[in-house]
Amino acid sequence: MTIALIAHDSKKVDMVGFVRDHIDFFKEHNIKLIATGTTGTYLEKAGLEIEKMLSGPLGGDAQIASRMVEGKVDMIIFFRDPLGKHPHEVDVSMLMRLCDVHNIPLATNPAAGLRFVQSLEHEMKEQ
Ligand SMILES: O=C(CO)COP(=O)(O)O
């Protein structure tokens, strides 16, 4: 399973905390993590292993969307900043639209991300 992680600037610290809180679970279940460039750099600096795409404004969201439509991403956790303006808003909309087209779970805030991970934990305990 692969989970893509994306965070707008004001949410990157929250994303690091979120991944740290669940890293044992991700490792135990061999869950691969990929991220947009700067989010990935934050996670790496926190000692977490991650595959990095380009930075979001340079096409990182589009790279994640591309992998997702190829069936290579199972879930996206995207901590969005609903109050900021982003130069690549069209890429973000494209990513979210393609999640709906391909029925890929997309969490857009920490509460939803937590629910996603909890449901995965529950699912994997049942197996
Ligand atoms: O811009 C982003 C999401 O749209 C995130 O990209 P970065 O992780 O490179 O900042």
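Modeller: Start at one pair of residues in this predicted model. Leu-5 stands opposite Ile-77 in β4. That pair of strands is β1, residues 2-7, and β4, residues 75-79. They run parallel, and five bridges join them.

Now widen the view to the sheet. The sheet is open and has five strands, in the order β3-β2-β1-β4-β5. Its pairing is parallel. β3 (51-52) and β5 (106-107) stand at the edges. Each has a single partner strand, so one side of each is left without a neighbour in the sheet.

Helix α5, residues 110-126, packs on this sheet. α5 touches β4 and β5. The direction of α5 makes about 155° with that of β4.

Next, the partner of α5. Two packed helices are described by the angle between their axes and the distance between the axes. For α1 (residues 12-28) and α5, the axes come within 11 Å and cross at roughly 5°. Angles under 35 degrees count as roughly parallel, and α1 and α5 are therefore roughly parallel to each other. From α1, the contact uses Asp-14, Phe-18, His-22 and Phe-25. From α5, Pro-110, Gly-113, Val-117 and Glu-121 take part. By class, this contact of α1 with α5 has four nonpolar, two polar and two charged residues.

The crossing of α3 past α4 is left-handed. On the α3 side, the contact is made by Asp-61, Ala-62, Ile-64, Ala-65, Met-68 and Val-69. On the α4 side, Asp-91, Val-92, Met-94, Leu-95, Leu-98 and His-102 make it. The residues of the contact of α3 with α4 divide into nine nonpolar, one polar and two charged.

α2 (37-45) and α3 each supply at least two residues of the shell around the ligand. α2 gives the most, with three residues. In total, 13 residues surround the ligand. The closest are Thr-36, Thr-38, Thr-39, Ser-55 and Gly-56. By class, the shell has three nonpolar, nine polar and one charged residue.

Key. Residues numbered from 1 in each chain as written. Predicted model: local features only at pLDDT ≥ 70, side-chain atom pairs only at ≥ 80, totals over all residues. Left-handed = near helix turned anticlockwise from the far one by under 90°. Helix = DSSP H or I, 4+ residues; strand = E, 2+ residues; numbered from the N terminus. Contact = placed C-beta atoms within 7 Å. Nonpolar A, V, L, I, M, F, W, Y, C, P; charged D, E, K, R; others polar. Near = placed C-beta within 6 Å. Pairing = 2+ DSSP bridges. Axes fitted to C-alpha atoms, helices over the stretch in contact; angles between N-to-C directions. Parallel < 35°, antiparallel > 145°, perpendicular 65-115°, else oblique.
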